Amino acid sequence: VYLAVPLAEGKWRPETSKVEGMSKAVRVTKDSPVPKLGYVRVHVNPRRHVRATTENWKSHVINVTDDFVAVNKPAGVPTVPTVDNLVESTLFKISHEAMDGAPLFVTSRLDACTSGVVVLGRSTAAASALNKVIREQKQTKVYRLLCQGDVPLGLLRHRYRKLRGRTGPSIKPTLLRNYAENSDYSVATYPSSPWQHAELEVLTCTPVFTAHDSSNDLYECEVRLVTGRTHQIRLQLAALGTPLVGDSRYQPVTGLLDEGPHTPWKTGEGWFGEDPERICLQSSRVAFSL
């Protein structure tokens with residue numbers, strides 16, 4: 001439930017059916033009066049994350065310090081509350097079921113389908129300090145994953161772009177291009193270019209299952225994020241032709257890269273598949289110093 005109230009100069013505009021001079025709608029978590037010309041928004045069918053209701057959240061706490069709480073987030077549960085679901089999130093559940101209702105503050109997020117280490121701040125000051133470390137790329141984040149194919153060791157670089165204003169299965173899609181230091185889509189050439197640098201380092205890659213058909217071989221890899229783009233690991237591994245096991249969203253674009261407006265496979269909106277409930281990707285190690 002969200003509530004917005006008219007400001008002192010608020011006036012009803014019949015031509016737009018809106019109140020001019022309305023405050024920003026904020027989430028309401030307890031009984032609140034609705035003033036005249038107030039605006040109420042109710043999400044009657046929120047997206048559920050049922051696993052959040054079945055977990056023993058105290059068992060997911062890895063460590064607690066004066067400033068931070070390290071948590072092992074399960075797959076299938078978002079890190080933070082969504083616009084239509086406050087309760088079924090890692091942040092809310094750890095606060096209310098493991099930390100006696102103490103306020104906690106997010107520093108970084110994992111996709112709902114990803115599991116592993118998340119660090120939450122116990123104060124705004126602590127969260128701000130860690131966010132500064134993250135922005136300056138002084139934090140080390142290592143992930144373990146299971147993918148469909150062998151991945152070469154070393155640095156993996158692409159150009160990355162997030163598109164906006166899309167609808168359907170490819171809402172806010174992300175695209176990759178081959179890495180080039182100087183090109184018409186490189187920020188090194190054009191600082192205002194929407195194509196950002198995406199880089200990770202493959203530390204290890206070990207076969208764990210070999211099939212008669214080599215295209216179905218599975219490898220367990222350990223990777224270190226250099227940049228932290230949305231869905232970066234999932235996209236880069238798919239672009240190599242080695243998508244993560246269970247990643248139904250990016251398997252349809254396995255081995256494909258954006259090549260500009262005439263890219264053969266970019267024929268419509270349905271570039272990507274449905275969002276998965278869980279994938280074989282785990283945040284296994286986080287290290288930083290303040």
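Val106 stands opposite Leu120 in strand 9. This is a predicted model, in which local features need pLDDT of at least 70, side-chain atom pairs count only at pLDDT 80 or more, and totals for chains, interfaces and linings use all residues. Residues are numbered from 1 along each chain as its sequence is written, and side-chain values use heavy atoms, with hydrogens and water left out.

Helices (H or I, at least four residues) and strands (E, at least two) are DSSP runs, numbered from the N terminus. Two strands pair if DSSP finds at least two bridges between them. Strand 9 covers residues 115-121, and seven of its seven residues are buried, so the strand is largely enclosed by the rest of the structure. Here buried means under 20% relative accessible area, exposed means over 50%, and partly exposed lies in between (1.4 Å probe, protein chains only).

Strand 7 (residues 68-73) runs antiparallel to strand 9, and six bridges join them. Within strand 9, Val118 is the residue opposite Val71. Strand 8 (residues 105-106) is also antiparallel to strand 9, with two bridges between them. Strand 15 (residues 281-287) pairs with strand 9 in the parallel sense, over two bridges. Gly116 has Ser283 of strand 15 as its bridge partner.

**Aromatic pairs**

A pair of aromatic rings is described by the distance of the centres and the angle of the planes. Rings of Phe, Tyr and Trp (its six-membered ring) pair if their centres lie within 6.5 Å; planes under 30 degrees apart count as stacked, over 60 as edge-to-face and the rest as tilted. By this rule there are two aromatic pairs.

| Pair | Centre distance | Plane angle | Class |
|---|---|---|---|
| Phe68 and Phe288 | 5.5 Å | 80° | edge-to-face |
| Tyr250 and Phe272 | 5.1 Å | 70° | edge-to-face |

Phe68 belongs to strand 7 and Phe288 to the segment after strand 15, so their pair ties together parts that are 220 residues apart in sequence. Phe68 is buried, at a relative accessible area of 10%, whereas Phe288 is partly exposed at 29%.

Tyr250 and Phe272 both lie in the loop between helix 3 (232-239) and strand 15, so this pair ties together parts that are 22 residues apart in sequence. Tyr250 is buried, with a relative accessible area of 1%, and Phe272 is buried at 6%.

**A charge over a ring and a nonpolar patch**

Arg41 lies over the face of Tyr2, 4.3 Å from the ring centre. The criterion is that NZ of Lys or CZ of Arg is within 6 Å of the ring centre and within 35 degrees of the ring normal.

Val1, Val34, Val40, Val42 and Val44 make a nonpolar surface patch of about 440 Å². Patches are made of residues with over 30% relative accessible area and no salt bridge, with like charges joined within 9 Å and nonpolar side chains (Val, Leu, Ile, Met, Phe, Trp, Tyr) within 5 Å. Areas come from the Shrake-Rupley method with a 1.4 Å probe, and for residues only the protein chains shown count as cover. A salt bridge is a side-chain nitrogen of Lys or Arg within 4 Å of a carboxyl oxygen of Asp or Glu. Val44 sits in the loop between strand 5 (39-41) and strand 6 (61-64) and is exposed, at 65% relative accessible area.

**Positive phi**

Asp100, a residue other than glycine, has a positive phi near 55°. Asp100 is in the loop between helix 1 (90-97) and strand 8, and is exposed at 78% relative accessible area. Gln137 is not a glycine, yet its phi is positive, about 55°. Gln137 is in the loop between helix 2 (124-135) and strand 10 (140-147), and counts as exposed at 52% relative accessibility.
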